[in-house]
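User: I would like to learn how to read the features of a protein model. Could you take me through this one?

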Amino acid sequence: MGHPLGSTPSKVIALHLNYPSRVAERGRVPAQPSYFLKPPSSLAGSGEPLVRPEGCDLMAFEGEIALVIGARAHRVAPEDGWRHVTYVTAANDAGVYDLRYADRGSNLRSKGADGFTPIGPRLLDARTLDPAGLRLRTWVNGQLVQDDTTDTLLFPFGQLVADLSRLVTLEEGDVILTGTPAGASVVVPGDTVEVEVGDGTLSTGRLRSQVVRGEPLAPYGAMPRATPEEREAAWGAAFAPKPLLDKRIADGLRSVSVATLSAQLRAKHGLPHMSIDGVRPTQPGRSMVGVAHTLRYLPLREDLFKRFGGGMNAQKRAIEELGPGQVLVMDARRDTTAGTLGDILALRALQRGAAGVVTDGSIRDSALIAALDLPVYRGGDHPSVLGRRHVPWDTGVPIACGGALVQPGDLLVGDSDGVVVVPPELAEELIADSREQERQERFVTEQVYAGQSIDGLYPLGPAWREAYRQWCARQDTTRNHGQGVDDEVS
């Protein structure tokens with residue numbers, strides 16, 4: 001047994017996040033690659049056991065593609081990075097989350113134990129491979145749990161080599177672990193993990209590791225500790241995300257109009273500037289309720305656009321950060337002379353479970369976006385891309401959208417009239433007050449249809465209070481007999 005490198009590398013470098021599917025699980029998108037070191041002594045070969053220390057319950061596997069450096073790399077350019085890779089193979093970046101707290105950031109004890117980096121079984125000649133054409137698969141006990149490709153990586157392999165070589169000289173034989181896709185989770189003694197990398201023609205074969213029970217750790221030093229947070233991180237997709245917004249609140253906000261909410265925010269709470277002005281829906285008649293996730297654009301500067309506008313920029317990160325029930329809210333400074341969203345990113349937002357999109361700039365591909373099952377509110381339509389006017393700058397910060405201040409976590413409610421921002425702490429009270437206002441307005445409407453003057457009737461004055469009370473009682477009686485009592489938000 002033994003790993004297939006033949007000699008011990010000077011270093012093993014592991015990347016935190018690279019696959020969009022894993023980013024979606026973690027709920028954050030890195031602006032740049034980030035790394036940690038694993039000791040060369042953690043390397044193992046196919047067939048060698050993964051030893052889980054007694055007392056550690058959270059041993060996790062992470063199927064990865066490993067790059068083996070073949071030529072010394074020092075300050076190489078991204079377009080030259082791949083030329084310094086001589087082999088590609090399969091790897092398992094294993095670790096025990098029970099010890100992650102002890103070396104937060106470095107992962108030394110949680111991921112650096114002997115045997116925690118199996119690689120192999122075969123090395124593939126990098127010269128015969130397309131780095132964007134590889135497929136990574138992982139099985140646990142014969143069941144496929146990870147399956148992803150390298151064509152959508154946040155950080156392509158050549159970029160990783162170049163980025164590391166700016167400050168760290170990569171020597172021949174060094175190993176770079178390039179991140180894991182979605183599906184990594186916990187394994188227990190008796191489980192078998194298999195990882196394979198290939199391009200449809202060539203294959204590393206399956207890297208096989210069986211988890212076995214180890215001895216207890218000696219008591220001098222950090223001992224295993226499994227917090228709820230570490231358990232959730234270790235199990236990954238097995239833990240379903242909690243809803244961002246209580247269904248009762250979401251249904252309540254959807255049951256009243258944006259106009260009524262706006263009136264209540266102004267009249268009762270002294271908040272007259274909560275509407276997002278100048279935006280109109282691509283699908284009039286459809287409602288939208290969700291939790292704000294923000295994206296800020298700044299005015300175009302050509303020199304900075306080269307740095308901030310390319311690759312996995314803030315615009316794309318904002319899309320990949322979206323979770324179910326969130327509304328992407330964009331601050332484009334009310335500049336509608338360039339697009340801030342196209343059909344492909346809108347489709348990705350829909351796939352991420354977004355509740356909607358709001359931009360005070362323009363959208364492009366407007367007909368295609370309007371056909372999606374996604375509420376979108378925009379300031380205008382324009383054929384150009386964002387690089388004409390905007391630099392995507394940052395996400396998850398307070399922004400101004402259509403004259404309204406929007407914070408991450410605010411609630412957004414939209415209908416044919418537009419969009420209003422609702423502070424979450426006011427939601428229940430607003431729902432109750434808005435329902436009462438709309439009930440009064442239904443009563444007033446009936447009276448106007450009957451020929452009554454609006455003097456003293458609208459808004460409802462003292463002379464009409466008793467008639468309104470009796471009308472409500474009749475409405476309640478009819479409703480209770482016919483349909484049962486409504487589920488009000490209390």
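User: Which elements do the buried residues of α7 pack against?

Analyst: The buried residues of α7 pack against α6 (247–254), β24 (411–415), β25 (418–422) and α12 (427–449). Contact means heavy atoms within 4.5 Å. Helices (H or I, at least four residues) and strands (E, at least two) are DSSP runs, numbered from the N terminus. This is a predicted model, in which local features need pLDDT of at least 70 and side-chain atom pairs count only at pLDDT 80 or more, while totals for chains, interfaces and linings use all residues. Residues are numbered from 1 along each chain as its sequence is written, and side-chain values use heavy atoms, with hydrogens and water left out.

User: Which residues of α7 are buried, and which are exposed on the other side?

Analyst: Buried means under 20% relative accessible area, exposed over 50%, and partly exposed in between (1.4 Å probe, protein chains only). In α7 the buried residues are Val-258, Thr-260, Leu-261, Gln-264 and Leu-265. Seen down the axis of α7, these buried residues fall within an arc of 160°, so they line one face of the helix. The arc is that of the directions from the helix axis to the C-beta atoms. Arg-266 and Ala-267 are exposed on the other side of α7.

User: What does Gln-264 touch?

Analyst: Gln-264 is found in helix α7 and has a relative accessible area of 13%, so it is buried. Leaving out residues up to four places away in sequence, Gln-264 touches His-269, Leu-430, Asp-433, Ser-434 and Gln-437.

User: Which residues are buried in α6, and what covers them?

Analyst: The buried residues of α6 are Ile-249, Ala-250, Gly-252 and Leu-253. They cover an arc of only 165° around the axis, which puts them on the same side of α6. Their cover includes α7, β17 (288–299), β24 and α12.

User: Now a loop residue. Where is His-84, and what does it touch?

Analyst: His-84 sits in the loop between α2 (78–81) and β7 (85–92). Its relative accessibility is 15%, so His-84 counts as buried. Not counting residues up to four places away in sequence, His-84 touches Val-68, Ile-69, Gly-70, Ala-71, Arg-72, Ala-73, Val-76 and Val-161. From His-84 to Asp-199 there are 115 residues in sequence and 20 Å in space, C-alpha to C-alpha.

User: How should I read backbone angles, and where is a peptide bond cis?

Analyst: Most residues other than glycine have a negative phi, and most peptide bonds are trans. Here the bond from Tyr-458 to Pro-459 is cis, with omega near 0°; Pro-459 is in the loop between α12 and α13 (465–482). A cis peptide bond also joins Gly-120 and Pro-121, with omega about 0°, and Pro-121 is in strand β9 (residues 117–125).

User: What is phi of Asn-107, and what is it for Asp-365?

Analyst: Asn-107 has a positive phi near 60° although it is a residue other than glycine. It is in the loop between β8 (95–96) and α3 (108–111), and its relative accessible area of 8% makes it buried. Asp-365, also not a glycine, has a positive phi of about 55°. Asp-365 lies in the loop between β19 (356–363) and α11 (366–370) and counts as partly exposed at 30% relative accessibility.

User: How many helices and strands are there in the protein, and what does it span?

Analyst: The protein has 13 helices and 25 strands, and its C-alpha trace spans about 95 × 55 × 40 Å along the principal axes. Of its 490 residues, 50% count as buried. Among contacts between residues at least 6 apart in sequence, 77% join residues at least 24 apart.
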